[in-house]
Amino acid sequence: MSTANCRFYENKYPEVDDVVMVNVQQIAEMGAYVKLLEYDNIEGMILLSELSRRRIRSIQKLIRVGKNDVVVVLRVDKEKGYIDLSKRRVSSEDIIKCEEKYQKSKSVHSILRFCSEKFQIPLEELYKTIAWPLSRKYGHAYEAFKMSIIDDTIWEGIEPPTKEVFAELKEYISRRLTPQAVKIRADVEVSCFGYEGIDAIKKALKAAESLSTEQMQIKVKLVAAPLYVITTQALDKAKGIELLEQALEKISEVISEFDGVCNVTTAPKSVTATEDAELQALLESKELDNRSDSEDGSEGSDYE
């Protein structure tokens, strides 16, 4: 076996009813020849009758050479090496689960392959000593790798080939799998024409910021009255959006007490680096305008 090749999982062959990722190699009269990407590219076949539930008019519309497909295992003859597969029996839920598992397995494979090539150690040895034992214990080595970034006890009972390999592995996992914070943003118009108008707006916006947590800080910036932008950074996108939704509710609740109005112009969403850069440029431009308009040159708050 090549130093750089190895199946992703401990079993040499998949089991019947397993859902696997394949790459189409050749289309023949009987069906399509494929290689099983998670099992060191061993060969399998999707029979013509197992390509679709519907009548097949053009096989090329169903399957293409070079394309990856999700299929289910029908039969495995380990002695002869025959693996029969079906595409038509795969549900949309199967496809999602298989694609998620495949991406996780590819990440693990990439990390182990890096160590294999750097230290000239057979890849299968790293799977045997690291990935497969972790998979038995945690369901998938990818989950164990992610947990190990903050919990060193994950490695208990694991014996990599050398201390150098172990040190490099942990450092590479940290670089590859440490989650990156996502920026969440919402735009809101807040106005109040009552006696306590400006103070009411400040109170509402500060109430929103008070919902900040240790992990997620809420910041409110004035774009141009009455428009404000509310942002936070979160490792979990869904939690970040949920927090900003709560902040918007809080603004609406407080400003309503003063007969003011809160109008959400852009609901909470994750923003790209480009969108964030555009926002920063806009805020800086407005800040320069505000400074030039200021009579005494004093610096105002984010809300003014």
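Analyst: Of the 304 residues in the protein chain, 38% count as buried. This is a predicted model, where local features need pLDDT of at least 70 and side-chain atom pairs count only at pLDDT 80 or more, while totals for chains, interfaces and linings use all residues. Residues are numbered from 1 along each chain as its sequence is written, and side-chain values use heavy atoms, with hydrogens and water left out.

User: What makes the link between the side chains of Asn23 and Asn68 a polar contact?

Analyst: A polar contact is a pair of N or O atoms within 3.5 Å; within protein, one must be able to donate a hydrogen and the other to accept it, and residues adjacent in sequence count only if both atoms are side-chain atoms. The side chains of Asn23 and Asn68 make such a contact at 2.7 Å. The Asn23 side chain also reaches the backbone oxygen of Gly66, at 3.1 Å.

User: Which side chain does the side chain of Lys87 join in a polar contact?

Analyst: The partner is Asp69, and the distance is 3.4 Å. Lys87 lies in the loop between β5 (82-86) and α2.

User: Which residues does Pro161 touch, not counting residues up to four places away in sequence?

Analyst: Contact means heavy atoms within 4.5 Å. With those sequence neighbours not counted, Pro161 touches Ile121, Glu125, Leu126 and Thr129. Pro161 is in the loop between α4 (141-148) and α5 (163-177). Leu126 is 35 residues away along the chain, yet the two C-alpha atoms are separated by 7.5 Å.

User: How many cavities of 30 Å³ or more are there?

Analyst: The count comes to 1. On a 1 Å grid over the protein atoms alone, a cavity is a set of points where a 1.4 Å probe fits but cannot get out, and a pocket is an open set with protein on both sides within 12 Å along at least five of seven lines; lining residues have an atom within 4 Å of a point. The largest cavity holds about 60 Å³ of space. A volume is the space filled by probe spheres set on the grid points, which are joined across faces, edges and corners.

User: What makes up the lining of the largest cavity, by class?

Analyst: The lining has 7 nonpolar, 4 polar and no charged residues. Here Ala, Val, Leu, Ile, Met, Phe, Trp, Tyr, Cys and Pro count as nonpolar, Asp, Glu, Lys and Arg as charged, and the others, Gly among them, as polar. Among the lining residues are Phe8, Trp132 and His140. Helix α3 gives the most, with 4 residues.

User: What is the class make-up of the second largest pocket's lining?

Analyst: That lining has 9 nonpolar, 4 polar and 8 charged residues. The space in the second largest pocket is about 350 Å³. Among its 21 lining residues, Tyr9, Asp18, Tyr39, Lys101 and Gly139 lie nearest the centre. At least three lining residues come from each of domain 1 (18-90) and domain 2 (95-177), with domain bounds taken from an automatic or database domain assignment.

How values were computed: Buried < 20%, exposed > 50% of the residue type's maximum accessible area, 1.4 Å probe, protein only. Helix = DSSP H or I, 4+ residues; strand = E, 2+ residues; numbered from the N terminus.
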